[in-house]
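Hi,

Here is the structure I promised to pass on. Have a look at it first, and my notes follow below.

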Amino acid sequence: MVPKGWEVKALAEIVKEKISYGIVQAGPHDPNGVPYIKSSDVRGVIKPAELQRTSSQIHNKYRRSAVHPGDIVFSLRGNIGESAIVPQNLPEANLTQGTARISVSNEHSNKFYFYQLATEKLLNRINALSKGSTFKEISLEELRKVKVLCAPLSEQKKIAQILSTWDKAIDTSEKLLANSRQQKKILMQQLLTGKKRLRDKNGVRFSGEWRPTTIGEISHCFSGGTPSRKKDEYYGGSIPWITSGKLNDRFVTSTSEFITEAGLLNSSAKTITKNTILVAMYGATAGRVAINLLESATINQAILAINLKAGISNSFFFHLLERKMVEAINLVQGGQPNLNASIIKNLRIRIPILEEQEKIAATLSSADREIETLQQKLDCLKQEKKALMQQLLTGKRRVQVEEVQ
C-alpha cells in the first residue's frame, strides 16, 4: 500500500540523466591520473584514497561514463545491489564495467534513494532480477524498471537527514572500534615480547629474562577425529562436537553438532575439558585460536587441543598463541595453509614468570572486553538503523516536516 502523498515510480523516472553503464577498462595504475570506481569499491562508502587511477587520456576518451559528486554508483555484478554516493572530495572520477551511474534529478533527494536501494526488500528484488551462468548481473534495462517509493521532496530530505545522523554515529563507532583494535595490537607487540614490562603487586616493574621453550615442552597436545557420516547412530546425541569453523568465535560456548557415545567410542574424536586451548590446523580457519568454555566436548581431526602444564597461565598463552600463529602460517606454503601438530609443537616461545604472565593476560583481556563492548554497540546501532529504514522508507512511520512560511 502506497502511503498518502507518496508515489511509485521506476528508477528511470527520477533521474536527470539516463542511467548508464561504466565503460572504462581497469588498466595499469597511473598515480597522477583520474580515479576510477570498480564494482568492488562500491560498499556503501567510496574512499577516494583507495581508488585506482587511469590516465587523463583514457578518462577523457570515456567521459560519458564519468561520475560527479552526488551521483549514486550502483554495482551491477559481484556485490549486486551495493551502492554508494560519490563524495564531495571526489570531483572527477570514472566507472568501470560492472557499475552504473544513477544521477538523481533536482526534484528528488539522492540520499533518500541511496538509502532506499539499501533496504532488504529492494535488494532482494534486485537480486531476483539478476541473470547469468558464469556470474550474475542485473541489466540496465531491468535496473531502470525497478520500482521505488517517492515521498514529497521535503519528506525525502528529512528522512535522509535522520538516517545520515545514524550513519555518523555508526562511523564514529567504527573508528573507535578500529582504534581499540589497533591499540590492542600494539599492546600485544609490546607485552608478549617483553619490550614493555608491567609492575608486580608491590608496584615494582618486572625484570629478568624470559625463559625460552617450545609449545610442545610446556603442554600436552592432541587432535580428534570424525565419526563416520554413514552411521546415523553416531550423530544427534548429547556430546558437543567442535569443528574448526567454531574457532572463529575465539571462545567456544556452543556447537552446531552433537555426537553419541557410540560415535565417540567408534572414532578418533577426542574429549576435551573446559579451558582447553584449541588451534585450527587446516582449511579456511587455519591458525585460528580459541578457548573451549564448555564443561566437556569433543573435537575433530582439524583441531589441535593444547592442555598446559603447571606454571603457565591459560589466558596468557591464549594471547601469545594468537600472535605466534601468524608466524606458523608464514612457515607453510599455499593459498590455504595446512598446519600440523609438529609445526605447532615446535614453535619457539619465551615465557615470563607466572605473576607477569597473569598481569599481561589481565591487561590484554581488558582490551578484549573494551573491543567487545564497542562491537556490541556498533551492532546495535546498525540493527536500529535497519529497523528505522524499514519504517521511514516505506512510510509506515511519517516524519514531521516544517512548513515554509
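How many helices and strands does the protein have? Going through the model, which is a predicted one, I get nine helices and 22 strands. As for overall shape, the radius of gyration is 27 Å, well over the 22 Å that the globule rule gives for 405 residues, so the protein is more spread out than a compact globule.

Some totals next. Of the 405 residues, 46% count as buried. The protein exposes about 21,600 Å², and carbon and sulfur atoms supply 49% of that area. Among contacts with a separation of 6 or more, 74% are between residues 24 or more positions apart.

In soluble globular proteins, nonpolar side chains tend to be buried together. Here the largest nonpolar core has 36 residues, and L11, F74, I102 and L143 are the ones that touch the most other members. Several elements each supply at least two residues to this core, including β7 (72-75), β10 (99-102), α4 (140-145), α5 (153-191) and α9. The largest share comes from α2, with five residues. L11 is worth a click: leaving aside residues up to four places away in sequence, L11 touches I19, I102, L117, L143, R144, V146 and V148. Another core lies apart from this one; it has 34 residues, among them F206, I306, A328 and L347.

On to the strands. There is an open sheet of five strands with mixed pairing, in the order β2-β10-β7-β8-β4. β2 (20-21) and β4 (44-45) stand at the edges with a single partner strand each, so one side of each is left without a neighbour in the sheet. Inside that sheet, β7 pairs with β8 (residues 83-85) in the antiparallel sense, over three bridges. F74, which we met among the core residues with the most contacts to other members, has S83 in β8 as its bridge partner.

Then there is β3 (residues 34-37). Which of its residues point which way? V34 and Y36 point one way, P35 and I37 the other, and all of them are buried. β3 is joined to β5 (residues 52-54) by three bridges, running antiparallel, and to β9 (residues 93-95) by two bridges, running parallel. Y36 takes part in both pairings: its bridge partner in β5 is Q52, and in β9 it stands opposite N94.

The disulfide count comes to zero. As for cysteines, C150 is buried, with a relative accessible area of 3%, because anything under 20% counts as buried. C380 is partly exposed, at 38%. E358 sits in helix α9 (residues 354-392) and is also partly exposed, at 44% relative accessibility.

Cheers

Methods
Residues are numbered from 1 along each chain as its sequence is written. This is a predicted model: local features need pLDDT of at least 70, side-chain atom pairs count only at pLDDT 80 or more; totals for chains, interfaces and linings use all residues. Side-chain values use heavy atoms; hydrogens and water are left out. A disulfide is a pair of cysteine sulfur atoms within 2.5 Å. Buried means under 20% relative accessible area, exposed over 50%, partly exposed in between (1.4 Å probe, protein chains only). Helices (H or I, at least four residues) and strands (E, at least two) are DSSP runs, numbered from the N terminus. A nonpolar core is a set of buried Ala, Val, Leu, Ile, Met, Phe, Trp, Tyr and Cys residues joined through side-chain atoms within 4.5 Å. Contact means heavy atoms within 4.5 Å. The radius of gyration is taken over C-alpha atoms; the globule rule is 2.2 Å times the number of residues to the power 0.38. Accessible areas come from the Shrake-Rupley method with a 1.4 Å probe; for residues, only the protein chains shown count as cover. Two strands pair if DSSP finds at least two bridges between them.
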